[in-house]
Amino acid sequence: MRAVRFKEYGGPEVLETFEAEAPEPGPGQVTVDVAWAGVNFADLKARAEGYRVPALPFVPGLEVSGRIRAIGAGVRGLRPGQEVAALTAGGAYADVALAEAATVFALPEGVGLRTAATLPTVVPTAHALLHEVGRVTAGESVLVHGAAGGVGTVAGQLAKAAGATVYGVVSGAAKAEYAVKYGYDEVFVDDGSPGGGFADDVRRATGGRGVDLALDPVGGDTFRRSLDALAVFGRLVSFGNASAAEPWRVGQPELFPGARTVSAFSILTLARTDPAALRAVAERAFRLVADGTVTLPVTAEFPLAEAAEAHRLMGGRTTTGKLLLRVTP
């Protein structure tokens with residue numbers, strides 16, 4: 001089978017296509033003939049700095065859609081030939097991917113394979129950030145960083161469906177124009193410079209009150225300014241560290257004023273530590289795609305052999321929506 005790997009860390013040029021043996025499923029596992037593979041920022045971090053890479057060489061990729069090729073011993077409720085979406089621990093940039101059966105999901109009725117490839121990481125993550133972790137309620141206000149990205153696109157729609165006022169933060173005017181189509185009441189353009197930016201915009205937009213819930217994938221200064229942008233009893237959920245800053249640390253001095261709360265979410269960690277909880281979140285989230293509450297546009301797609309081009313595009317921080325690799329549709 002074809003697969004894309006890297007043997008050293010670096011830029012997109014370290015990605016190479018090669019021929020490999022197709023994996024076989026062990027107990028509790030499933031192999032999938034891949035139709036589409038999602039491209040995520042975590043893939044870029046894996047390639048560039050070894051994020052969640054157990055050893056080199058490594059085949060990146062966290063999500064696929066396709067048809068089940070084979071099932072391992074003890075797998076129930078799944079069958080060869082069935083169309084599914086799957087979350088993987090890596091290895092998705094390939095003709096055949098291996099996944100734990102607990103993170104393989106039958107497609108909701110009416111959802112095709114191309115759309116299904118957008119589901120495994122982004123939609124459950126956005127749902128968990130807002131509901132299971134963020135516990136948003138109608139009438140509250142939500143601030144979402146990266147509002148034009150995959151998670152941001154879904155989070156805006158989910159927050160609006162929950163009855164919230166939704167604010168977004170993006171890095172440029174074109175992204176702001178995109179984001180307002182997906183649930184956002186107002187989108188702030190912030191260039192990341194210290195001492196101002198979105199925190200001032202939030203206070204202005206909310207009459208000085210701040211937001212009830214902020215979702216931050218950036219970390220660093222963005223994390224700290226998001227904390228300052230919270231209303232009394234506000235909650236901040238961290239779900240990444242795209243800035244590569246030192247991990248955040250907060251204590252009583254930061255949280256006592258305003259009685260703020262900080263929490264965190266990682267879909268990959270949840271998949272490893274409590275796959276049953278992940279399945280419950282995913283099933284709730286996928287239903288919202290099937291009923292039309294949420295849409296996630298695919299804004300660019302590349303053949304598997306051009307994975308490096310997909311990484312270059314995403315790495316340029318100009319992308320919106322979801323990027324896919326076309327494998328064998």
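## The buried residues of helix α3

In this predicted model, the buried residues of helix α3 are V122, V123, P124, T125, A126, H127, A128, L129 and L130. The helix covers residues 122–133, and because nine of its twelve residues are buried, α3 is largely enclosed by the rest of the structure.

## The loop between α1 and β4

Next, have a look at the loop between α1 (41–49) and β4 (63–71), where you will find P57. A cis peptide bond links P57 to L56, and its omega is about -5°. To see why this is worth a look, keep in mind that most peptide bonds are trans.

R52 is found in this loop between α1 and β4 too. Its phi is positive, near 60°, and R52 is a residue other than glycine. Is R52 buried or partly exposed? With a relative accessible area of 35%, R52 is partly exposed, because that category runs from the 20% cut-off for buried residues to the 50% cut-off for exposed ones.

Now move along to strand β12, which spans residues 230–238 and contains F233. F233 is not a glycine, yet its phi is positive, at about 65°. For background, most residues other than glycine have a negative phi.

Is F233 buried or exposed? Its relative accessibility is 60%, so F233 counts as exposed; the cut-off for that label is over 50%.

Conventions:
Residues are numbered from 1 along each chain as its sequence is written. This is a predicted model: local features need pLDDT of at least 70, side-chain atom pairs count only at pLDDT 80 or more; totals for chains, interfaces and linings use all residues. Side-chain values use heavy atoms; hydrogens and water are left out. Buried means under 20% relative accessible area, exposed over 50%, partly exposed in between (1.4 Å probe, protein chains only). Helices (H or I, at least four residues) and strands (E, at least two) are DSSP runs, numbered from the N terminus.
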